[in-house]
Amino acid sequence: MKRIGVTGHRSIPDEVHGHVVEGLRAVLEGHEGPLEALSSLADGADQLFAAIALEHGADLTVVIPSEDYEDAFEGAEALARYLGLKGRATQEVRMAFDRSTDEAYYAAGTYIADSCDRLVAVWDGQPARGHGGTGEIVAYARRIGKPVTVIWREGVTRD
């Protein structure tokens, strides 16, 4: 079974959103046979990737950073999407953290990078804004020799 993991920004600007959707679809359509998608289901790139992976028949493994992870969602819509996707997962992995901290996010991100055959990064190429951020997870995956596919439109920056 092929395993594709995701890391990415929670905020995807409108001018790059369509490009990101097309890029994620292309990555997921490019595989034949059984596919497992690994995601922490954070708002933004993680949820988008998981939804598209499920559309393509992938098994979804959710990697939960902490026991209080659901409290970290801003707004009812993001939490509802998270719960809906989590309910469709075939497997759940929980990191051993009580609270949603940068260390918990880093642990979840490195778990995904360690566990996948390819990491997809919805990433603007900028340094991480905190420990466990997208840039740091991409650097980790590259350091351990994982293939990384970056999806972003050049010249577009996040808020």
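Modeller: Contact here means heavy atoms within 4.5 Å. The model is a predicted one.

Colleague: Which residues does Glu 36 touch, leaving out those up to four places away in sequence?

Modeller: By that cut-off, Glu 36 touches Met 1, Lys 2, Arg 3, Ile 4, Asp 59, Thr 61 and Gln 91. Glu 36 itself has its place in strand β2.

Colleague: Why is Glu 36 called buried?

Modeller: Buried means under 20% relative accessible area. Glu 36 has 8% relative accessibility, so Glu 36 counts as buried.

Colleague: What makes the pair of Glu 36 and Arg 3 a polar contact?

Modeller: The cut-off for a pair of N or O atoms is 3.5 Å. The side chains of Glu 36 and Arg 3 make their polar contact at 2.7 Å, which is within 3.5 Å.

Colleague: How do you know that β1 and β5 pair?

Modeller: Pairing needs at least two bridges. Strand β1 (residues 2-8) and strand β5 (residues 118-122) have 5 bridges, in the parallel sense, and therefore pair. In one of the bridges, Val 6 has Val 120 of β5 as its partner.

Colleague: What is the strand order of the open sheet, and what makes a strand an edge strand?

Modeller: The 6 strands run β4-β3-β2-β1-β5-β6, with parallel pairing. An edge strand pairs on one side only, as β4 (91-94) and β6 (148-151) do. Between neighbouring strands of this sheet the average turn is 20°, direction ignored.

Definitions and conventions
Residues numbered from 1 in each chain as written. Predicted model: local features only at pLDDT ≥ 70, side-chain atom pairs only at ≥ 80, totals over all residues. Heavy atoms only, no water. Helix = DSSP H or I, 4+ residues; strand = E, 2+ residues; numbered from the N terminus. Axes fitted to C-alpha atoms, helices over the stretch in contact; angles between N-to-C directions. Buried < 20%, exposed > 50% of the residue type's maximum accessible area, 1.4 Å probe, protein only. Polar contact = N/O pair within 3.5 Å; in protein donor to acceptor, adjacent residues only side chain to side chain.
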